[in-house]
Amino acid sequence: MNTARAETVAVWLRPLLALLLIVSGLLPGTAAAQRALSNGQYLYLPIYAFIQYGDLDNNGVARQLPVSSLVSIHNTDLDKSIRLLSARYFSTEGRFLRNFVSSPRILKPMETLEFLVQRRDVVGGSGANFVIQWESGVPVSPPLVQALHIEMQTNRSIVFTTDAVLIPR
């Protein structure tokens, strides 16, 4: 194969490889295990109280941009309720901060529970997280748990999501 043709193939393969990497995250695997019927789970949800960005200053510290985080717990079962037992919030260092669910809460079929980690609440840090625990008396479709992170200003906006992953037990 000549050099020009090899370069053309390489240019063509790069987007294909990138697409394969993206799609591979959508294929069955860990995500499929989370979506199998279940009687309960522990879910890990990463949260960002602030985002570090830019260059480090003379003290070795990056700039920080606080963001709010809207945590949504969606009961995806069409027919059955689930019982949300806890939504424990931890700091970057793993220190327990608080439980957003003070007592068990029933989520009816297709119901969503949301709570907000306010922009000014930066105590969790850039590596904060939740551990969400739920259960059901019968096997159900597991909830979809996500966080929507937002910072909106006049001349710029940052919006991104994080998804919960199953904590094997």
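**Notes on the salt bridges**

1. Let me begin with Arg 119, which forms a salt bridge with Glu 151, their closest N and O atoms being 2.9 Å apart. This pair links distant parts of the chain: Arg 119 sits in the loop between β8 (112-117) and β9, while Glu 151 belongs to strand β10 (residues 144-152), 32 residues apart. Please keep in mind that this is a predicted model.

2. The two partners of that pair are worth a look for their surroundings. Glu 151 is buried, because its relative accessible area of 6% is under the 20% cut-off. Arg 119, at 39% relative accessibility, counts as partly exposed.

3. Next come Glu 135 and Arg 83, whose side chains meet in a salt bridge with an N to O distance of 2.8 Å. Glu 135 lies in strand β9 (residues 129-140) and Arg 83 in strand β5 (residues 82-90), so the pair ties together parts that are 52 residues apart in sequence.

4. Are Glu 135 and Arg 83 buried, exposed or partly exposed? Glu 135 is partly exposed at 28% relative accessibility, and Arg 83 is partly exposed too, with a relative accessible area of 31%.

5. A further salt bridge joins the side chains of Glu 111 and Arg 105, at 3.2 Å from N to O. Here Arg 105 has a relative accessibility of 33% and counts as partly exposed.

6. How many salt bridges are there by this rule? The count comes to 4, including the Glu 135 and Arg 83 pair.

Key: Residues numbered from 1 in each chain as written. Predicted model: local features only at pLDDT ≥ 70, side-chain atom pairs only at ≥ 80, totals over all residues. Heavy atoms only, no water. Helix = DSSP H or I, 4+ residues; strand = E, 2+ residues; numbered from the N terminus. Buried < 20%, exposed > 50% of the residue type's maximum accessible area, 1.4 Å probe, protein only.
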